[in-house]
Amino acid sequence: MKTHITAFLLMISILCPRLSVPVCAYGEFPIQTELSAADTATALPEYQNWLSRWKEQADAATGNMVLSPGADEAGMNFSWYSQQAGTPAIQLDSRGDFAKSRIFTGKSTPICRSNGTTVYFAANHVTVEDFLRPGITYYYRYTENYDPAGCDWSGTFSFKTQNSVSFSAILAGDPQIGASGCIPADAFSWEKTLACAVRKAPDASFLLSAGDQINYKSDQDETGVREREYAGFLYPEYLRSLPAAAAIGNHESKGTDYKFHFHNPNTEDGYGATPSGCDYFFSRDSALFIVLNSNSRNIPAHRKLLKKAVSSHPDARWRIVLMHHDIYGSGVMHSNRTSANLRTIFAPLMDEYGIDVVFSGHDHSYARSHFMLDGTAILYPGGTVTNPAGTAYVSLGTSSGSKMYGLASPRQFYVAERTNAPQPSFSILSVDRTSLSLKTYDAEGRPYADTFTIVKTKTKSNPLSAVKKAGKLKKTGYTKSSFRKLKTALSRFHRLFHPTGTDRGAAKITRYFRTSKDPLSYYGYAAGTTEALPDGFSTLLDKTRMRRVSVTASEFHKACTAVTDAVKKLKKTSLKIKTGKRTRKDGAVLTLKKGKKLRLKIKASPSRYNVTCRSGAKKYVSISRKGVIRARKRTGKKNTVPVTIRFQNRVIKLKIRVR
């Protein structure tokens with residue numbers, strides 16, 4: 001286990017939770033390498049009592065039941081390991097005697113997974129759809145070998161469905177069981193954190209775990225380390241009643257056990273897949289939760305999942321993303337390197353699909369960003385923000401304390417708040433149809449970060465879409481003065497905001513993902529770099545690392561409003577030219593005899609502006625201010641003289657041939 005001279009801070013915070021001293025507060029702490037809660041947890045008397053239970057139950061914990069959220073409130077997914085394959089089944093009833101129960105059967109997948117003591121040969125998945133009702137406590141039991149004539153059922157467990165339009169969820173970052181070098185100590189701290197979270201949010205609908213549930217990276221595991229670590233993650237009894245929606249961390253990305261332990265909804269298309277699993281989504285009342293496999297650098301695949309999720313829930317009031325990598329985090333290990341590189345991939349997708357908040361982990365320290373839009377930090381005052389533009393990114397601290405890191409220096413421009421106080425932590429997310437609130441605590445239940453709330457009173461829109469649309473307008477159809485005001489408003493906005501434009505670096509990352517040309521190498525997929533990509537590779541990275549653009553919310557909205565107001569005040573123009581009853585368009589060729597004249601019928605609107613007429617060669621063809629054309633000299637059969645009629649930004653050119 002790794003230790004550090006400042007480990008005594010953690011010891012004091014655990015042994016003396018009532019002391020009103022800085023070590024029990026949150027904020028920025030100097031950690032030179034890394035700390036672990038295991039360094040002090042193993043010295044606690046309560047750990048020794050817990051350890052005796054662990055030794056009795058750990059071997060079987062690898063196969064423990066995992067509940068996962070169903071696609072919507074009426075569903076629930078179940079998964080567990082067993083030592084034999086058969087027809088897995090769940091028996092559900094709203095009463096504990098199962099007198100009026102319903103049985104759901106599922107699928108068993110052959111596996112061979114060992115935790116060093118027990119070998120499991122089947123991963124069992126059962127889906128319950130269109131069955132659950134709100135506000136009901138359901139009792140369940142399970143079997144891996146269902147037979148209508150009779151079978152061996154497990155013990156009885158229960159869970160409760162939410163009963164209102166408001167709900168809460170527990171958020172955990174990087175349990176990473178085994179990262180300290182002591183699996184039992186990490187499992188102890190994880191269970192302690194989860195117990196505190198359940199006390200703080202007893203009616204929580206589910207758990208969101210931001211990846212790295214375990215630590216062992218290798219896909220080869222002859223000694224069963226990975227499954228012993230999963231035993232630690234799955235050990236807490238709370239997980240038999242609390243559905244867990246888990247993201248795939250980089251420590252799980254090379255193995256396949258994640259997709260066997262978890263049974264996630266809406267995975268049939270396999271978008272964002274790596275060997276460990278893929279993207280998925282689910283809904284709860286007004287909120288749409290989208291879980292991305294950020295180990296995949298396949299942008300089109302993630303876009304397809306986001307499009308499918310959003311289009312299938314058009315009325316979702318909130319769009320919330322969970323993924324492992326903290327693309328706007330502040331930890332010293334990753335935030336300026338590997339996580340910054342992934343910003344190129346994921347940040348534009350969050351902008352494109354109007355995501356309200358992104359929860360992640362990876363850096364084992366808490367950080368909340370300002371609202372980010374196209375690499376610009378929009379600075380809203382206070383902890384409660386109403387109808388913000390952009391996306392808030394929250395990097396969760398470690399919920400087990402198995403590894404705790406320092407913070408990047410200097411503090412990044414996009415960071416609104418950060419803390420790496422050396423204690424395990426968790427967050428409580430509360431959601432209703434008008435507000436989303438986040439409260440963060442340490443494992444003793446003390447505040448670990450400021451309360452953060454988003455209030456929404458109208459449908460969210462991306463103001464950049466309106467600005468980009470305004471920038472594509474052509475001056476031809478509008479008066480000079482009104483279009484000039486629009487160009488001025490756009491110019492001021494661009495000087496303030498610095499839009500990134502096309503990012504060719506992101507396209508390269510996708511094109512070469514998992515090939516020999518992949519510019520990135522982490523997670524073992526190619527031989528590129530684990531450092532930050534070079535300047536000039538990505539316009540978004542260059543903006544966030546070199547320009548570091550921050551604007552106040554008032555400045556931003558004022559600039560956006562100036563553009564939209566200028567668009568509203570654009571004055572349209574029209575210009576029509578006729579000869580007789582025939583309308584003449586730009587480029588029309590007219591033939592006149594020498595000495596003859598032709599009066600153009602010019603109709604222009606608004607009429608208060610002047611029309612100008614000009615000949616390209618007056619000695620051949622002249623035109624008066626009123627549009628009277630005179631043929632003065634022959635041009636020849638193949639030659640013509642241009643005659644230009646201008647009205648504001650509109651131009652019609654006629655070609656005159658004199659014979």
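Analyst: With the axes: these are lines fitted to C-alpha atoms, for helices over the stretch in contact, and angles run from 0 to 180 degrees between N-to-C directions. Helices (H or I, at least four residues) and strands (E, at least two) are DSSP runs, numbered from the N terminus. This is a predicted model, in which local features need pLDDT of at least 70, side-chain atom pairs count only at pLDDT 80 or more, and totals for chains, interfaces and linings use all residues. Residues are numbered from 1 along each chain as its sequence is written, and side-chain values use heavy atoms, without hydrogens and water.

User: How is a pair of packed helices described?

Analyst: Two packed helices are described by the angle between their axes and the distance between the axes. Here helix H3 (residues 45–61) packs against helix H5 (residues 225–234) at about 110°, and the axes are 8 Å apart. An angle of 65 to 115 degrees counts as roughly perpendicular (under 35 is roughly parallel, over 145 roughly antiparallel, the rest oblique), so H3 and H5 are roughly perpendicular.

User: Which residues in H3 and H5 meet?

Analyst: Contact means heavy atoms within 4.5 Å. Trp54, Ala58 and Ala61 in H3 meet Arg228, Ala231, Gly232 and Leu234 in H5.

User: What volume does the largest pocket have?

Analyst: A pocket is an open set of points on a 1 Å grid over the protein atoms alone, where a 1.4 Å probe fits, with protein on both sides within 12 Å along at least five of seven lines; lining residues have an atom within 4 Å of a point. A volume is the space filled by probe spheres set on the points, which are joined across faces, edges and corners. The largest pocket has about 660 Å³. Its lining has 25 residues, with Pro348, Asp374, Lys468, Thr500 and Gly501 nearest the centre.
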